[in-house]
Amino acid sequence: MASGNNTNATTPSANTKQTTPDDPRAELNAQIEDLLNTLSNKFAGVSSEIFAKMDEMSRRLDTLEQKLMTIQDPKKPGS
């Protein structure tokens, strides 16, 4: 009877082990998907910031170029 009890005790744990691997896999998949979504959102945010800073830098360079041209123009006719 002791071996019969061990078999019954093993059977529920075996059933639990069969259903348990699906739960950690599903949980892992959900966590990985969440991580990928988070990384994707962060990448999109960083990309937007970089493009915004590049646009601002371009505007500043255009302004600087215009100021330099204005400074150089009066000197040319006087030289």
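Met54 sits in helix α2, which covers residues 22–78; helices here are DSSP runs of H or I with at least four residues, strands are E runs of at least two, and both are numbered from the N terminus. The model is a predicted one, where local features need pLDDT of at least 70 and side-chain atom pairs count only at pLDDT 80 or more, while totals for chains, interfaces and linings use all residues. Numbering starts from 1 along each chain as its sequence is written, and side-chain values use heavy atoms, with hydrogens and water left out.

Met54 has 47% relative accessibility, so it counts as partly exposed (buried is under 20% relative accessible area, exposed over 50%, partly exposed in between, with a 1.4 Å probe and protein chains only).

Now for the charged side chains. Two salt bridges turn up in the structure, each being a side-chain nitrogen of Lys or Arg within 4 Å of a carboxyl oxygen of Asp or Glu. Glu56 pairs with Arg59 at 3.4 Å, N to O. These two residues are three apart in helix α2, which means about one helical turn separates them. Glu56 is partly exposed at 35% relative accessible area, and Arg59 is partly exposed at 49%.

Glu56 also bridges to Arg60, with the closest N and O atoms 3.6 Å apart. Glu56 and Arg60 are four residues apart in helix α2, about one turn. Through shared partners, the salt bridges join Glu56, Arg59 and Arg60 into one network.
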